[in-house]
Amino acid sequence: MRYVIIVFIIIAIVDLSPFSKKDKRKDFYITLMIMMIALALSSLYALDIKIPSPVVGLDNFIRNVLKIAYK
Amino acid sequence: MILDKRKISRTQFMFSVACFIQSSSLLTSFFTSITKQDSWIAVILGSIVSIPTLLIYSYIMKKFPDKNLIEINDMVFGPIIGKIFSIIYIWFFMTLSAINTKDLGEFVQKTILDNTPSIIIVGALLLLCSWTVRNGIEIVTRYSLLFTFIATTIVISTVFLTINQMEMDNFLPILQQPKMAYVRATHIISAIPFGELVVILMLNPNLDIEPKKRIKYLLYGFLIGGFTLLLVVFRDIAVLSKTIEIFLLPSYETLRLISVYSTLSRVEALFAISLIILMFFKISVLYYISVMGIAYLFKMKSYKPLVLSIGVIIIIYSFIVYPSIIAHMKSGSETAPFGWLVVESILPLITAIVAKIRKLPEQKKGMSS
Amino acid sequence: MSKKIKSFNFILIIFIALFLTGCWDNEELDTISIVTGVGIDAADTEGNIKLSLQVGKINQEKSTPQSAGGSDDSIILEIEEKSILTGTNELERQVTRALFMFHNQVIIFGKEQAKKEIKPYIETFIRQNDMRMETLVFISEGEAKDILDIKMEQDKISSFGITKMIEGIQRYDETYSIRVLDLVCMIMDEGTTPVLPILKIEGSDKSRLLLKGLAILDNEKYIGELNETETRGYTWIRGKFKNTFIEVDTEDGLAILNMSNIRYKLKPQIKGEDLIMDLEILGDVVFSEVQGFHNMTIEETTKIILEGAKEKINEEIEASLSKSKKLKTDFLGFGTEYHKRFPKVWEDVKEHWENIFPEISLITNIELNLIDTGKIRNSLDMKEGK
């Protein structure tokens, strides 16, 4: 968890600092949003909380709902 | 609106395509476990089956020479459905980046650095990739010729080094597997290495080639890549015989067997070198287009602020994408080909058909000019 | 902006320098013990094995010649455990250094263990990443541990001695070099019974090793072995001689032929209901030693010797074939040949192959081509002149 915070501070410095000068509000919000998603995911990972994988979901969907998997 | 203005030249494009396919040629166990000694037939069939898909791509590339996939979706389907399509594609690209990152991370950890935590390996790799991505795609493709050259040299030289261990009898009996096995292996090959070429649609506006000639270079690159894949599979079957079906990395095992008396042996490092180089290329490209996809989706003015965050997402995604190697293999050889087929062939086909029906983009050109 | 990029690059470089150096996996020579041989023997307890690892000592003072021969060059670690990996893990706690398996040269199964089973233990050698597929596999006449333990005259570490021996033999005969890969291939092939070379300790001071034929492993269990003649027959049928000596002992005299440039063709055929194997052996022969043949011309002698040689080869092949029929197990790989050439027929017969197999008739066709008589033309005993 410590490392996650350190890494994100570095990322924030590198990525968000250009926005301080120029007026690009929209870009700033989108960047912030993506960064928050990344932060959330990595915090969950660092705290050992299981995140469901969309690929496994797709797998189960194809296998059990569409029933077209190879045997 | 073009975020990355650097151009990719003809040879760079051609070898990028080749490199992209070669990077998958080292991980062949998805289909070698199914068709065993007939895998080479499956490779040939798979390449033939993939050609129509490539024609669809080239049709789209010809129609929209200076637009990438996200913009094309917006133009063809309108803003709402187009966005849905784009999100599917972006998810697909990120999944591919995650899976490839995972493959490489696992390989390095399993074979070379088995005590190192995988986040260090993957993190270092993605950091390097993020550097290249920030500098634009041209930086990576510039090296594609070199990478292809290294990989092809390694493949060809190992063919010669293992020639004393090859036995042509290992290819017998031919065509004795159940018919479904061939269909399945062909499908897997056309979906997993070849179909992933859908990424070139994202690089489309960066190509410095006349729209009509793009197909030519695409096919050349495809041939180089496909031929390498065929050669690798041939070599592995001839050397490993039946055991090819039980290994997760047949090529790695083949290279481990090389020993020209005691002077030249233990050359599996070559495999690691070519795998890491090619995977670096592939992950960089996939990473780049994931970032680009998101930047275009939100119509941002610069893609650079996104790079590191998306890199972190890819790393975390690569850890959670499959719970285990068994799930990975099962998915890769049973269900993923169907999912990938939709994204790689059916969606582009729909795009092409709708574009044809709506007479895009000529109509728009007439209006704008 | 460029300053920013520069600082970013700077951070990146420091990061890479710190984290890419791979210090997690450093393995210094003085912290590992290099395993050079693995022996697996039967244990008294059911389900257990006696695992012995031969660990080669690293000679640190290489330049001092007097130290050679003074101390032992290898040590044997022994343990009784359920599997190879539990064994090595257990041993790892007993020795001061980490066990390093990458340089393992040989895997030896004791005969008693081979009579029980070997398949589950082979599995470890293909699954674990630090085990190599080119490691040689043997069966030992006595206990595998004894073979690892002996000091050979020239090679103090016996597993290196074995590897060198096999390398030498491999130049003319490939039968004895069976790698893990070959063994797995044989196990996986339909219609082949695996064979493994047998090692035996010889000599008065027990310092020599002898390759003493092949062990037959039906269902991966030891069921019998081939003696020298039968092994030669096996080698002829499987086409593994590169060149060989043939000893022809006729009424008129003794001749040793050196046969080289050997070409084999093993062709399965189906004639009506019968399965016929067609074996063709072509080779060039050179007279190496001729004794006897008093008062005979060279032409006569040649004829007799070549006939004798063919007969000799046929005898060897026949011995091997009859052994195979007696044991009702197809270690000659005929089933695999049918599986490869006649896959459809194979589907029908594979269920009761062990009953069909003894019915197969083997037709041999041997052609020897005399190319040289050595440095001299006539033997000292032979008739002068023509």
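## The bridge at Ser140(C) and the strands around E6(C)

In strand E7 (residues 195-202) of chain C, Leu199(C) is the bridge partner of Ser140(C). Ser140(C) is one of the residues of strand E6 (residues 136-140) of chain C, and E6(C) pairs with E7(C) in the parallel sense over two bridges; two strands are said to pair if DSSP finds at least two bridges between them. Strands (E, at least two residues) and helices (H or I, at least four residues) are DSSP runs, numbered from the N terminus. E6(C) is also joined by five bridges to strand E5 (residues 106-110) of chain C, and these two strands run parallel. One of the partners here is Val106(C), whose bridge partner in E6(C) is Leu136(C).

The cover over E6(C) is described through burial, where a residue is buried if 20 or more other C-beta atoms lie within 10 Å of its own, exposed if 12 or fewer do, and partly exposed in between, with C-beta atoms placed from the backbone. By this rule E6(C) is mostly covered, with five of its five residues buried. Side chains in a regular strand alternate between the two faces of the sheet. In E6(C), Leu136(C), Phe138(C) and Ser140(C) point one way while Val137(C) and Ile139(C) point the other way, and all of them are buried.

## Model and numbering

This is a predicted model, in which local features need pLDDT of at least 70 and side-chain atom pairs count only at pLDDT 80 or more, whereas totals for chains, interfaces and linings use all residues. Residues are numbered from 1 along each chain as its sequence is written, and chains are lettered from A and ligands numbered from 1 in the order in which they are written.

Asn261(C) lies in strand E11 (residues 253-271) of chain C, and its phi is near 50°, a positive value in a residue other than glycine. Asn261(C) is exposed because 12 other C-beta atoms lie within 10 Å. Lys299(B) likewise has a positive phi, near 50°, in a residue other than glycine, and its place is in the loop between H12 and H13 of chain B. Lys299(B) counts as partly exposed because it has 13 C-beta neighbours inside 10 Å.

Tyr303(B) is found in the loop between helix H12 (268-297) and H13 of chain B, and it counts as buried because it has 22 C-beta neighbours inside 10 Å. Not counting residues up to four places away in sequence, Tyr303(B) touches Leu3(B), Val291(B), Met292(B) and Ala295(B), where contact requires that the C-beta atoms of two residues, placed from the backbone, lie within 7 Å.

## Where chain B meets its neighbours

On the side towards chain A, 27 residues of chain B are in contact with 26 residues of chain A. Helix H13 (307-320) and helix H14 (325-357) of chain B are the elements that give two or more residues to this side of chain B, and the largest share, eight residues, comes from H13(B). This side of chain B divides into 17 nonpolar, seven polar and three charged residues; Ala, Val, Leu, Ile, Met, Phe, Trp, Tyr, Cys and Pro count as nonpolar, Asp, Glu, Lys and Arg as charged, and the others, Gly among them, as polar.

The contact of chain B with chain C takes 21 residues from chain B and 21 residues from chain C. Helix H4 (69-111), helix H5 (118-135) and helix H11 (250-257) of chain B each supply at least two residues of the side that touches chain C, and H5(B) gives the most, with four residues.
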